[in-house]
Amino acid sequence: MIKKYILALDQGTTSSRAVLFDNEFNVLGIEQSETTQIFPKPGWVEQDATEIRETQIFVARKLISRLGVDSKQINGIGITNQRETTILWDKKTGQPVYNAIVWQDKRTSDLCEQINKDDFSEYIRKSTGLVIDSYFSGTKVLWLLDNIKGLREKAEKGQILFGTVDTWLIWNLSGGRLHITDYSNASRTLLYSIHDKCWDKEILDYFNIPLQMMPEVVESSGTYGKTEKGIFGNSEVMLSGIAGDKQAALFGQTCFDEGDAKNTYGTGCFMLMNTGDKPFKSKSGLLTTIAWGLNGKITYALEGSVFIAGAAIQWLRDKLRLIESASDTEKIAFEVTDSAGVYFVPAFSGLGAPFWNMNAIGIITGLTAGVDYRHIVRAALESMAFQTRDVLNAMQKDSGIEIGNLNVDGGASANNFLLQFQADILGVDVSRPEFVESTALGAGFLAAIGSGVCEIEDLKKFRKTDKVFHSNMSDSDRQGLCLGWTNAIDKARK
Ligand code: ADP
């Protein structure tokens, strides 16, 4: 029997990656190539769209050739991508009109501030589920139309196409035949109505963005079309899955049901909670977003982040020099039985959800003569868990849905102390998978569904659990610690 495979393309902010899975979602190989970030001015972040395309195709080709796979054996390709990053290109020549403007780029901050003062801003927030911020694609498109000579006229004539990175890759892989994006990526543009499930004509008019630039919005799995001959040898391979990276991670963590949530512990924390078929409006400044569209059904999510998580550990290492490497923290934290009343609020750049206090400052509180460096290290790890709890509580409050457990990934999820404390402080199970590349796995899952290899119901078994952390803490201990944290937050706010 000929072996069959699924190929996931994971185009992130700093690298293009390709991962090949077999039908059981075993990882057969990974290839990666760094991409260059361009900083033309303070606050501006760009990338070369051609480099994004070339590195992505290069790593995919290198991987399948290294593994001796014939592209005929690939059942489907799943695309996952850095979200919101904006590319405009000429429909005829395929040439980008400008560099990709990356999600981190803040050139439209002033514009967003102006929009926020306008009466129409409430409409945008309601329709898109987002806040008005330079982060999202909409004002980046507007900037390009306003700042590149003659571009608006061309766009109005239908000669210019807009895409996030998924759209750009698929357009190129399909030889210019497919101009599509999926629901999850569309919901990050600030131009898409997550309730009506269409490009919002009123918002497009407000921004003066021509509708004909916009890609067709498709489900996150499907038989969209095939790659052009020559891209992967002589065979044409089915493009069959698309999702923005954070949503793909939620899918890869098999958070398929309402109330399922995942947290990624990296430099910051990134949390999503599946809220089923309901788009809950947040009262705590969380984002409402589309998780995916599958089988005629849209699944929504609430999304929130913690600005400083692993970054606090880096700070202990590089600024306080308390540790040599991030992984030392686990052993050190286990050496003491508690943090001796020390709380570390790493509000280095203000406090995000649910507090939204940009003037807050970082603090370490509760110091006594008995405190040593181990308590401070422990308090830093605990702060990741407390902050995660604050965001998850906001999600539960906004949606009225209680989480059953938390699936985790990201660099700091290797830390067993952190995950045990997280389970304790949440009072729910915390589960770490064997394969922590949830984003690529999610793209692979979507591609497998799209190409008919399996159904969503079949997938849970392919997320192999490495370890589940069960809560071990009494309610009263939990309440006491959380009260201490709340008091520390109050001090940071003042
Ligand atoms: P990102 O993708 O945001 O760059 P990663 O997922 O690679 O981040 O995780 C790196 C972050 O996690 C760093 O901030 C580092 O300090 C922290 N980290 C890595 N390993 C550990 C560990 N064993 N314990 C605690 N923190 C860790």
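Predicted model: local features only at pLDDT ≥ 70, side-chain atom pairs only at ≥ 80, totals over all residues.
Figure 1. Look for Lys283 in the loop between strand E16 and strand E17 (287-294). On the surface, Lys283 gathers with Lys126, Lys281 and Lys397 in a patch of positive charge.

**Figure 2**

Figure 3. Strand E15 (residues 261-265) pairs with E16 in the antiparallel sense, over 5 bridges. A hairpin of 3 residues joins E15 to E16. To find your way in this pairing, look for Thr264, which stands opposite Phe270 in E16. E16 also pairs with strand E18 (residues 297-306), again in the antiparallel sense, over 6 bridges. Here a handy landmark is Asn274, which stands opposite Ala301 in E18.

**Figure 4. Salt bridges with buried partners.** The structure holds 27 salt bridges, and this view shows two of them. Arg83 forms a salt bridge with Glu84, and their closest N and O atoms are 3.8 Å apart. Are Arg83 and Glu84 buried or exposed? Both residues are buried. In the other pair, the side chains of Asp146 and Arg152 meet at 2.5 Å, N to O. Arg152 counts as buried because its relative accessibility is 13%, and buried means under 20%.

Figure 5. Lys460 forms a salt bridge with Asp257, with the closest N and O atoms 3.7 Å apart. This pair links distant parts of the chain, as Lys460 and Asp257 are 203 residues apart. Lys460 sits in the loop between helix H14 (438-450) and strand E23 (465-469), and Asp257 sits in the loop between helix H9 (245-252) and E15. Lys460 counts as partly exposed at 41% relative accessibility, and Asp257 counts as partly exposed at 44%. Elsewhere, salt bridges that share partners join Arg83, Glu84, Arg188, Asp245, Lys246 and Glu303 into one network.

**Figure 6. Helix H9, largely enclosed.** Why is H9 described as largely enclosed by the rest of the structure? The reason is that 7 of the 8 residues of H9 are buried. The buried residues in H9 are Asp245, Gln247, Ala248, Ala249, Leu250, Phe251 and Gly252. Just after H9, look for Thr254, which takes a positive phi of about 50 degrees.

Figure 7. Phe307, Trp356 and Met358 make a nonpolar surface patch of about 310 Å². Met358 lies in the loop between strand E19 (343-345) and strand E20 (363-365). With 49% relative accessibility, Met358 counts as partly exposed. Pro354 also has its place in the loop between E19 and E20. The peptide bond from Ala353 to Pro354 is cis, with omega near -5 degrees.

Figure 8. Most residues other than glycine have a negative phi, and most peptide bonds are trans. Asn208 is a residue other than glycine with a positive phi, near 60 degrees. You will find Asn208 in the loop between helix H8 (201-207) and strand E12 (216-218). With a relative accessible area of 40%, Asn208 is partly exposed. Ala340, which is not a glycine, has a positive phi of about 55 degrees. Look for Ala340 in the loop between helix H11 (328-334) and E19. Ala340 is partly exposed, with a relative accessible area of 32%.

Definitions and conventions
Residues numbered from 1 in each chain as written. Heavy atoms only, no water. Pairing = 2+ DSSP bridges. Helix = DSSP H or I, 4+ residues; strand = E, 2+ residues; numbered from the N terminus. Patch = residues over 30% accessible without salt bridge, like charges linked within 9 Å, V, L, I, M, F, W, Y side chains within 5 Å. Areas by Shrake-Rupley, 256 points an atom, 1.4 Å probe, with all protein chains shown as cover. Salt bridge = Lys/Arg side-chain N within 4 Å of Asp/Glu carboxyl O. Lys, Arg positive; Asp, Glu negative; His and termini not counted. Charge placed at Lys NZ, Arg CZ, Asp CG, Glu CD. Buried < 20%, exposed > 50% of the residue type's maximum accessible area, 1.4 Å probe, protein only.
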